[in-house]
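Thanks, everyone, for making the time.

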Amino acid sequence: MTSSHRPFGLPASAAVLLLAVTGCSADARASVPVPTPPAAEAALCRALAKELPDTVAGQERSDPSPDSELTAGWGDGAIVLRCGVPRPERMSDPQAQAVSAEGVRWMLEQSDDGGPRLTSVYRKTYVEVTLGERYAHDIGPLVDLAAPVDRAIPCALEPECR
């Protein structure tokens, strides 16, 4: 008895593998939760989105997914900004550490991935910047982000912003 078996499974398997590989490499962006601020704060965040630079600390703009005016990124997730985040609990701690960059004050925390997480203070909405581990001792990226934050997000408590 002669079999007329054709190798249909091989091309189908190859096609599935090809789709899986191209699907993974087509969108290698970082993924971050999108904040859900009140409407007035979201409007401030949209204004900030228009002010953000194309490069931060020499890293090219590479926004995280999903696409949103409330998030931005540089260097494939090395630097991630989220606007309109909730007030961090740590902000109530009088021992919380803070830094200042170009007139914008930031509360400093450790993120889950080992790098610093900085949240703006004294502004009408909170802006969070998470830096990758390579920035563990370098808040230089804040220098590039401070002017846009200062222009777009008004101070909520003068003269504390200066």
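What you see is a predicted model, and the chain averages a pLDDT of 84, with 81% of the residues scoring at least 70.

Let me turn to the charged pairs, where the count comes to 6 salt bridges, and I will discuss some of them. Arg82 pairs with Glu128, the closest N and O atoms being 2.9 Å apart. This pair links distant parts of the chain, because Arg82 sits in strand S4, residues 79–85, while Glu128 sits in strand S8, residues 126–131, and the two are 46 residues apart. Are these two partners buried or exposed? Both Arg82 and Glu128 are buried, and for Glu128 the reason is a relative accessible area of 12%, which falls under the 20% cut-off. If we leave aside neighbours within four places in sequence, Glu128 is in contact with Val80, Leu81, Arg82, Val85, Arg117, Leu118 and Thr119.

Arg117, in that list of contacts, has a salt bridge to Glu109, with the closest N and O atoms 3.6 Å apart. Glu109 counts as buried because its relative accessibility is 18%, and Arg117 likewise counts as buried, at 19%. Asp63 and Arg61 form another salt bridge, at 2.6 Å between the closest N and O atoms; here Asp63 counts as partly exposed at 24% relative accessibility, and Arg61 also counts as partly exposed, at 29%.

Now to the nonpolar packing. In soluble globular proteins, nonpolar side chains tend to be buried together. In this model the largest nonpolar core has 26 residues, and those with the most contacts inside it are Leu48, Ile79, Leu81 and Trp106. Which elements give two or more residues to this core? They are helix H2 (39–51), strand S3 (71–74), S4, strand S6 (104–110), S8 and helix H3 (141–152), with H3 providing the largest share, 5 residues.

Trp106 deserves a look on the screen: beyond four places in sequence, the residues it touches include Leu118, Val127, Val129, Leu142 and Val149. Val121 is also one of the residues that Trp106 touches, yet Val121 belongs to a second, separate core of 5 residues, which also includes Met91, Met107 and Tyr126.

Note on methods. Residues are numbered from 1 along each chain as its sequence is written. This is a predicted model: local features need pLDDT of at least 70, side-chain atom pairs count only at pLDDT 80 or more; totals for chains, interfaces and linings use all residues. Side-chain values use heavy atoms; hydrogens and water are left out. A salt bridge is a side-chain nitrogen of Lys or Arg within 4 Å of a carboxyl oxygen of Asp or Glu. Buried means under 20% relative accessible area, exposed over 50%, partly exposed in between (1.4 Å probe, protein chains only). Helices (H or I, at least four residues) and strands (E, at least two) are DSSP runs, numbered from the N terminus. pLDDT is the predictor's confidence in each residue, from 0 to 100. Contact means heavy atoms within 4.5 Å. A nonpolar core is a set of buried Ala, Val, Leu, Ile, Met, Phe, Trp, Tyr and Cys residues joined through side-chain atoms within 4.5 Å.
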